[in-house]
Structure formats: structure tokens, C-alpha cells
Amino acid sequence: MDGNGGTAPHEDGALLTIGAFARASRLSPKALRLYDELGLLPPARVDPHSGYRHYAPAQLERARLVAWLRRLGMPLARIREVCELAPDVAAVAVAAYWAQVEADTAARRDLAAFLVDQLERKNTAMTRPRTPLTMRYAALTDQGLVRPLHQDAAHAGPRLLAVADGYGPDGGPAATAAIEALKDLEEQDLTSADLLGVLEEAARRAHRAVPAGDGATGSTLTALLRSGAQLALLHLGDSRAYVLRDSGLFQITHDHSLVQSLIDEGRLTPEEAASHPQRTQLLRSLDASTEFAPDLQLLETRPGERYLLCTDGLTGVVPAEAIQQVLTAADGPDQAVSELIRLAREAGAPDNVGCAVAEMTGLRAGVGGCP
């Protein structure tokens, strides 16, 4: 017997014990047991009395491929798919996976840069005098060129930016109700308020304001609430928030959608997600039939930064590079939202489009805003 309790390899090489196969394949016996349970690498024979696993030498090629793909970091579900492909097709699949890894790494690098900058701002906020800020702002929606109903809503004011994308039979009223539930924040004194708490409570009211129905009606909600140099961000659904800084354009929300969860798990590429039949399915939203569970974060902002909130009617057809060009080149928020809507329409505008843009400026330059 070998050290794992199995019998030694057959002299004719017909079968290998799990221990011998593990050494030959450079996979641990524990990994082999897991791969057997997942159907990824089942043994050629399992002793009906002892339960010992035995493997055929011909399985070594697949086992070594599994080991290499695991070293690449490929998820097990995708490894199983690759292992079933012909070699030339598998090569294409591995190349596509690695291209996705590189893209994801670049996105994480950008996110890391954003987080480092944000944390450094928090660290210096107590020692550096804050520049008095105001906002220039604009919001615009468009029905698009295909949808029979307009179910997007957007708001831009001196303290509040918000977009909502309704869905279902009463999606339009749901999005409008969500925005209306937040508008009172424009009139509140937020100087010493718990900014995140105030925004979350207003959004909870928005959640309750969604028309109760059969569970098919709801809305996304992405909102920014400002007090001085601080911004509270609340997010539910697949609408998005971006910030344009000197170092580039950053997406500061994460989509609460089925396809995004599949991308996160490595089971789908962003390119595949764009045409996935369930790309509109949300995991979180304002919906009377679901729990209220928004993402919340507090940001430190500075003069010159521009923020964009938008529905997926924009991001679904206009690439991030084009969005960045518009936000960089526009004279102000009014021009920016108009140009973004124009780009969506030029791309076919298959969905409603909603966007809101704010630019942070010094107090003396404040146009259309308040401190």
C-alpha cells in the first residue's frame, strides 16, 4: 500500500493509486478528491469495498491541464468547460480568459489608485483647511429610440444628484417616486448631519414608496448627497456612479446584477455579459418584494472633479472611453449631459437614458450651486 492507503500501481500501468497519480500530476490527494466530487476529474475506478480511487495513466494529461489552469487562477467551473473542448478551441478559451484577467487587473489597479487617493484624503482632512465648494449640476433623461415607455428619472440640485431606472408595469412611477423621496434633502441643513445616515433613511422612504404589486415592478437608485467637501453615495441596482479626477475616470459603484455576479465568479466575460439573456436581472433594487440593502460610502471631493450618475441605457451602448472624453471636454454639466444623451442616441439608444453630472468648483466660482 502507498502512504494514502491505496494499493501500489499496477505493474502493467493500467491504473494508478490516488497517491501515485497525485505525485505524477502534481495535484494533492485532497485536490483530486474535490475534483472527483465536482465531476472535473473522476477516477477511472473506485473500489466498491474500500472506496479507494484509482486513475488511468491516460488521465494525466487532463490532470496536468487542470493543475496549470488552477495556477492561472481559473475558476473550477470554467476549467471544467475548457477541459471538454478540443485543443484548438481550448487554446482560444484560455487566451480569452487571460485577456479578461488582464482587463480585470487593470480595473482593480485603477480602483486601488482611487482608494489610495480617497484614504489619503481622509487622513489629511483634519489637518488641511478645506476649500469651500459649490456644485455646478445638470440632469437629463431621454426615452431612447426603441422603448415605448420612458421609465428613467434623474435629478440634479445644489446638494443632491440622483438617477433611477424603473422596470416592470409601473417602472416609471417607481423611478419617479424614488427620486421624489430624496428631494427633501435639498432643503435640509446637513452641516453637522450624519450624511450617510440621512441619505440611507431617505432612500428607505424611497423603497417604501415603490408601488406594491406582483414583485415585477421596481427601480434602481444611485444618489450622491453633498455637505461641504463630503459626498455620501448610495447605490442599488445597475445604474452607475463615476468620478473624473486628474488620474482618470473611475467607476465607484458595483453593479447589483446577475451578469456582474457571474463576471465576479469568472463564469462570464464582460463581452459575454453584454448579450447575456439575463443581463437585465437585478440582485438588489428598490422593490417592495425585496429587502432594502444599499451600498453606502463616504467620499472626500475636491475642486475640479466631475461626477456622473447614469442608468444602463448610457453605459450599455457608450464605452467608458467616450464617456471620459465627454466629461473631460465639456464646458460644464449642461453640455456634458447633452453630449452623453447624443452619444447614446447615435448608438441606437435601445433603452431609456438618464444621467446627472456635477462639477465641484471653488465657492467664488459657484454657478448654479450653493455651499
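# Salt bridges, sheet and helix contacts

Glu180 is partly exposed, with a relative accessible area of 44%. Partly exposed lies between buried (under 20% relative accessible area) and exposed (over 50%), using a 1.4 Å probe and protein chains only. This is a predicted model: local features need pLDDT of at least 70, side-chain atom pairs count only at pLDDT 80 or more, and totals for chains, interfaces and linings use all residues. Residues are numbered from 1 along each chain as its sequence is written, and side-chain values use heavy atoms, with hydrogens and water left out.

**Salt bridges**

Side chains of opposite charge can pair when their charged atoms come close. Glu180 and Lys183 do this: their side chains meet in a salt bridge, 2.9 Å from N to O. The term stands for a side-chain nitrogen of Lys or Arg within 4 Å of a carboxyl oxygen of Asp or Glu. Lys183 is itself partly exposed, at 31% relative accessible area.

The structure holds 16 salt bridges. One of them pairs Arg53 with Asp36, with the closest N and O atoms 2.8 Å apart. This pair links distant parts of the chain: Arg53 sits in strand 3 and Asp36 in helix 2 (residues 29-37), 17 residues apart. Helices (H or I, at least four residues) and strands (E, at least two) are DSSP runs, numbered from the N terminus.

Arg62 forms a salt bridge with Glu84, where the closest N and O atoms are 3.0 Å apart. Here too distant parts of the chain are linked, 22 residues apart: Arg62 belongs to helix 3 (residues 60-72), Glu84 to the loop between helix 4 (76-83) and helix 5 (87-124).

The table gives the accessibility of some residues in this report.

| Residue | Class | Relative accessible area |
|---|---|---|
| Arg62 | partly exposed | 24% |
| Glu84 | exposed | 56% |
| His207 | buried | 12% |

An open sheet is formed by 3 strands in the order 1-3-2, with antiparallel pairing. Strand 1 (16-17) and strand 2 (45-46) are the edge strands, and each pairs on one side only. Two strands pair if DSSP finds at least two bridges between them. Strand 1 and strand 3 (residues 53-55) pair in the antiparallel sense over 2 bridges. Thr17 stands opposite His54 of strand 3.

**Helix 1 against helix 2**

How do these two helices lie? The axes of helix 1 (residues 18-25) and helix 2 come within 9 Å and cross at roughly 100 degrees. The two are therefore roughly perpendicular to each other. Ile18, Phe21 and Ala22 of helix 1 meet Pro29, Leu32 and Arg33 of helix 2. These contact residues divide into 5 nonpolar, no polar and 1 charged.

Some terms need their limits. Axes are lines fitted to C-alpha atoms, for helices over the stretch in contact, and angles run from 0 to 180 degrees between N-to-C directions. Angles of 65 to 115 degrees count as roughly perpendicular, under 35 as roughly parallel, over 145 as roughly antiparallel and the rest as oblique. Ala, Val, Leu, Ile, Met, Phe, Trp, Tyr, Cys and Pro count as nonpolar, Asp, Glu, Lys and Arg as charged, and the others, Gly among them, as polar.

**Contacts later in the chain**

His207 lies in helix 7 (residues 195-209). Beyond its neighbours within four places in sequence, His207 is in contact (heavy atoms within 4.5 Å) with Ser285, Leu286, Asp287, Thr290, Glu291 and Phe292.

Leu283 is placed in the loop between helix 9 (270-273) and strand 12 (295-300). Residues up to four places away aside, Leu283 touches His256, Ser257, Leu258 and Ser261.
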